[in-house]
Amino acid sequence: MLPAAVEALTEQASRVGNASSLHTTGRAARAVVEESRERIASVLGARPSEVVFTSGGTEADNLAVKGTWAARRAEDPARTRLVVSGIEHHAVLDPVEFLVAEGATVGWLDPDRCGHIAVDDLRATLEARADDVALVSVMWANNEVGTVQPVAELAAVAREHGIPFHTDAVQAVAHLPVRFDDSGADLMTVSGHKVGGPMGVGALLARRDARLVPLAHGGGQERQVRSGTLDVPGIRALAVALEETVAVRDVEAKRVMALRDRLLEGALGLGLGITVTGCWTAGDATRRLPGNAHLLVPGCEGDSLLYLLDAAGVECSTGSACQAGVPQPSHVLLAMGHPESEARGALRLSLGHTSTDADVDAFLSALPGVVERARRAGGLL
Ligand code: PLP
């Protein structure tokens, strides 16, 4: 967390007051919430009334997908189809799969080898049939391979057909010029811990005319769509973190991009057969997140790389998920056309506001030894 966000969080946590209470401390807490809402709306190009606080990105995605589906079906039972990219985070994919069990159908938008969703694919899908579509959901930037999607163009196509458009902007906000109003989206997800704020707090930005059935029922907070006592310290810290992150975003994105480029060039130059996934052009952050470095290391299990790098002081991720204790290759890489054997050697490194040149150096000097040991562990040397 950014130090200013830690300060805001801890200071607020020591204050009494439920933002729904009518007494003095309750009203003071409400004032903090409403001021934070205004600050968040202002940096994200939204109206304060469009900010619905949640417990993070996962809840916001669930609310967008399930809440819209239920509302649209209530109006028109024929609207059962969800049009969704195949590279969404599980916070979108799993609610979609949950709804399939409830009678939804899915039109998947497949990425190209780079991880991009084509606007023409969405157009063709909706031109073929749109009267049964409840929602289109395509993430702003992918969390594994960092590809940035043409959100405004996709949203415009959905709008032509009168279909609500949701975008998960969790990964995008810290490094890209994200504005809700300019995006044309009806619903947009943000999360605190990707912008230097706390974990466990986030928001769904929802246009006033977006219809949502609540997931949880209770006190009717947040426009009646998200009941529950508001996390006032978390909300205040989210506002502080977002403001600070957005204020330095352009400069920080350039700094982080230079680290990413050095990391990728360095890894490719080690002669280990490593490749970079997705599209990467040094000096470009319009098609790939500036802080995302994703590599495929042939002949290695991603998990072996992860543990060996961890022991060397480098924390990374593989993008694989465990099912019944067995690592599964990333659905994102499979959707991009990588065979399972390649996808198993995935390594994802994320760079952010705490990353430095020394971190990149540490990674590059640890990598050759780690790859050699991981290949031995897999019996490939
Ligand atoms: N969406 C994306 C793209 C993410 O990367 C994440 C978390 O990493 C989430 C959703 C979930 O957000 P949260 O951790 O706040 O629930």
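**Salt bridges, cores and ligand shell**

Glu 34 and Arg 30 both belong to helix H2 (residues 24-44), where they stand four residues apart, about one turn of the helix. The model described here is predicted. The points below begin with this pair and then proceed to the nonpolar cores and the ligand.

**Charged pairs**

- Side chains of opposite charge can pair when their charged atoms come close.
- Glu 34 and Arg 30 form a salt bridge in which the closest N and O atoms are 2.7 Å apart.
- Glu 11, at 37% relative accessibility, counts as partly exposed, whereas Arg 236, at 18%, counts as buried.
- The side chains of Asp 209 and Arg 207 form a further salt bridge, at 3.2 Å from N to O.
- Asp 209 is partly exposed at 45% relative accessibility, and Arg 207 is partly exposed with a relative accessible area of 26%.

**Nonpolar cores**

- The largest nonpolar core has 57 residues, and those touching the most other members are Phe 53, Leu 126, Val 136, Trp 140, Phe 165 and Leu 242.
- Several helices and strands each supply at least two residues of this core, including H2, strand S1 (51-54), helix H5 (119-128), strand S4 (133-137) and H8.
- H8 gives the most to this core, contributing eight residues.
- A second, separate core contains 28 residues, among them Cys 300, Leu 305, Val 314 and Phe 363.

**Surroundings of the ligand**

- There are 13 residues around the ligand, of which Gly 57, Thr 58, Asp 168, Ser 191 and His 193 come nearest.
- A polar backbone atom of Gly 57 is 2.8 Å from an oxygen atom of the ligand.
- Thr 58 places a polar side-chain atom 2.6 Å from an oxygen atom of the ligand.
- Asp 168 has an N or O atom in its side chain that is 2.6 Å from a nitrogen atom of the ligand.
- On its own the ligand has 390 Å² of accessible area, and the protein covers 86% of this area.
- Helix H3 (residues 57-75) provides the largest share of the shell around the ligand, namely three residues.
- By residue type, the shell around the ligand consists of two nonpolar, eight polar and three charged residues.

Notes: Residues numbered from 1 in each chain as written. Predicted model: local features only at pLDDT ≥ 70, side-chain atom pairs only at ≥ 80, totals over all residues. Heavy atoms only, no water. Buried < 20%, exposed > 50% of the residue type's maximum accessible area, 1.4 Å probe, protein only. Salt bridge = Lys/Arg side-chain N within 4 Å of Asp/Glu carboxyl O. Core = buried A, V, L, I, M, F, W, Y, C linked by side-chain atoms within 4.5 Å. Near = heavy atom within 4 Å. Polar contact = N/O pair within 3.5 Å; in protein donor to acceptor, adjacent residues only side chain to side chain. Areas by Shrake-Rupley, 256 points an atom, 1.4 Å probe, with all protein chains shown as cover. Nonpolar A, V, L, I, M, F, W, Y, C, P; charged D, E, K, R; others polar.
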